[in-house]
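User: Hi! I am new to reading protein models. Could you walk me through a few features, one at a time?

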Amino acid sequence: MQQGADGGRARLHRLTTSVTWPVTAAVTVAFVAVAPSAAAEPEPSRRELAEERRKLSDEAERLTEQYNGLRVRMAQARRAAQGAEKNARRQQEALEEVRVKVATLAADSYKNGGADPSVAFASAADPQAVLDRSATMNYFARQNGTQVALLLQTMQAAERARKSAADRDRQVRGLADEAERKKKSLESRLATIERKLNIGAPLPKTGKAPAVDPDGASAKAMGAVKAALAQLGVPYSWGGGTPSGPSFGIAQGSNIKGFDCSGLTMYAYAQVGIKLPHYTGSQFNAGTHVSRSRLRPGDLVFFHQDLHHMGMYIGKGKMVHAPQTGDVIKVSPLSGRPFAGGVRIA
């Protein structure tokens with residue numbers, strides 16, 4: 001009796017299982033079919049986009065100053081290559097002159113000394129003159145022979161210098177091209193983020209420039225301050241060094257308009273007759289270093305350990321500067337930035 005009951009329960013379990021499994025499997029398959037293959041990535045918030053823009057702008061400014069530094073090095077390499085080329089040509093010309101002299105002396109020596117020296121000496125109306133001429137020719141031949149050897153060595157050294165300078169020029173040009181490609185990539189990424197944030201081109205600000213107390217600053221320093229403040233509202237521009245037209249430096253004809261941070265200070269001091277390189281690293285070594293507590297209007301102020309941002313102090317803890325891409329020349333406080341040093345130019 002018990003065995004019959006057990007057999008019945010077993011048959012019931014098998015029947016239930018055979019019905020339930022296909023149904024469960026069908027439901028599972030249906031669920032998998034309608035479920036998305038992967039969860040969609042959530043769109044970044046405005047705060048996240050703004051933070052990404054800030055980071056990219058900072059990276060862009062750092063890259064801009066690296067690029068400016070490469071442009072300075074490229075100008076130096078070009079001048080070195082041109083100087084080495086001129087020196088090599090001068091040495092070649094000097095060598096040719098000496099070769100002509102030696103050839104002339106050799107020809108004279110051959111014509112005058114073709115006969116037996118003893119016969120020439122004995123038959124000469126003035127034997128002493130023969131001796132003097134012979135000794136003089138031999139002396140100059142030896143002297144010029146030595147000069148030729150020295151000139152050959154100098155010419156070879158000049159040629160090596162020319163090739164080295166040309167190689168350095170090509171190397172720096174390659175680095176500058178690479179920086180330019182990175183800059184364009186950053187520009188594209190920034191433009192994408194700014195479109196998402198609905199940020200358009202900066203509108204020029206025509207606010208009145210603040211009055212600046214000289215506070216002991218020189219006339220030239222105050223002239224540079226005035227020139228910088230006159231650019232308030234001009235857009236930030238990577239590699240820019242003038243409010244309109246081509247920038248200074250090696251990029252003649254580049255038609256870059258606006259300023260980057262070192263371009264603004266370079267332009268301002270150029271207006272008072274002081275030439276500065278278009279690079280924060282070079283400007284940091286262009287004058288006398290002063291502490292933050294001793295800053296005067298016109299002093300250059302630098303930020304970050306790698307000096308990738310700078311401005312011009314105007315007093316009362318403020319500076320005029322070109323902040324970053326998407327912004328304009330403005331007056332801002334020094335505070336809130338990692339101060340790296342001050343430099344007095346005039």
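Analyst: Happy to. Let us start with accessibility: a residue is buried if its relative accessible area is under 20%, exposed if over 50%, and partly exposed in between, using a 1.4 Å probe and protein chains only. H304, with a relative accessible area of 24%, is therefore partly exposed. A word on the source: this is a predicted model, where local features need pLDDT of at least 70 and side-chain atom pairs count only at pLDDT 80 or more, while totals for chains, interfaces and linings use all residues. Residues are numbered from 1 along each chain as its sequence is written, and side-chain values use heavy atoms, with hydrogens and water left out.

User: Where is the place of H304, and what is its phi near?

Analyst: First the general idea: most residues other than glycine have a negative phi. In this model, phi of H304 is near 75°, a positive value. H304 has its place in the loop between β4 and β5; helices (H or I, at least four residues) and strands (E, at least two) are DSSP runs, numbered from the N terminus. K316 also has a positive phi, near 55°, and belongs to the loop between β5 and β6. K316 is exposed, at a relative accessible area of 80%.

User: How many aromatic pairs does the structure hold?

Analyst: Rings of Phe, Tyr and Trp (its six-membered ring) pair if their centres lie within 6.5 Å; planes under 30 degrees apart count as stacked, over 60 as edge-to-face and the rest as tilted. The structure holds 3 such pairs. In one of them, the ring centres of F284 and F302 are 5.0 Å apart and the planes are at 85°, so the pair is edge-to-face. F284 is in the loop between α7 (280-283) and β3 (288-290), and F302 is in strand β4 (residues 300-303), so this pair ties together parts 18 residues apart in sequence. Both F284 and F302 are buried.

Another edge-to-face pair is F303 with F339, at 6.0 Å centre to centre and 75° between the planes. It links distant parts of the chain, with F303 in strand β4 and F339 in strand β8 (residues 339-344), 36 residues apart. F303 is buried at 0% relative accessible area, whereas F339 is partly exposed at 24%.

User: Which charged end sits over the ring of F339?

Analyst: The rule is that a charge sits over a ring if NZ of Lys or CZ of Arg is within 6 Å of the ring centre and within 35 degrees of the ring normal. Here the charged end belongs to R292, 5.1 Å from the centre of the F339 ring.

User: At what angle do helix α5 and helix α6 pack?

Analyst: Two packed helices are described by the angle between their axes and the distance between the axes. Axes are lines fitted to C-alpha atoms, for helices over the stretch in contact, and angles run from 0 to 180 degrees between N-to-C directions. Helix α5 (residues 219-229) and helix α6 (residues 261-270) pack at about 125°, with axes 8 Å apart.

User: Which residues of α5 and α6 meet?

Analyst: Contact means heavy atoms within 4.5 Å. K220, A221, A224, A227 and A228 in α5 meet L264, Y267, A268 and Y269 in α6. The buried residues of α5 are A221, M222, A224, V225, A227, A228 and L229.
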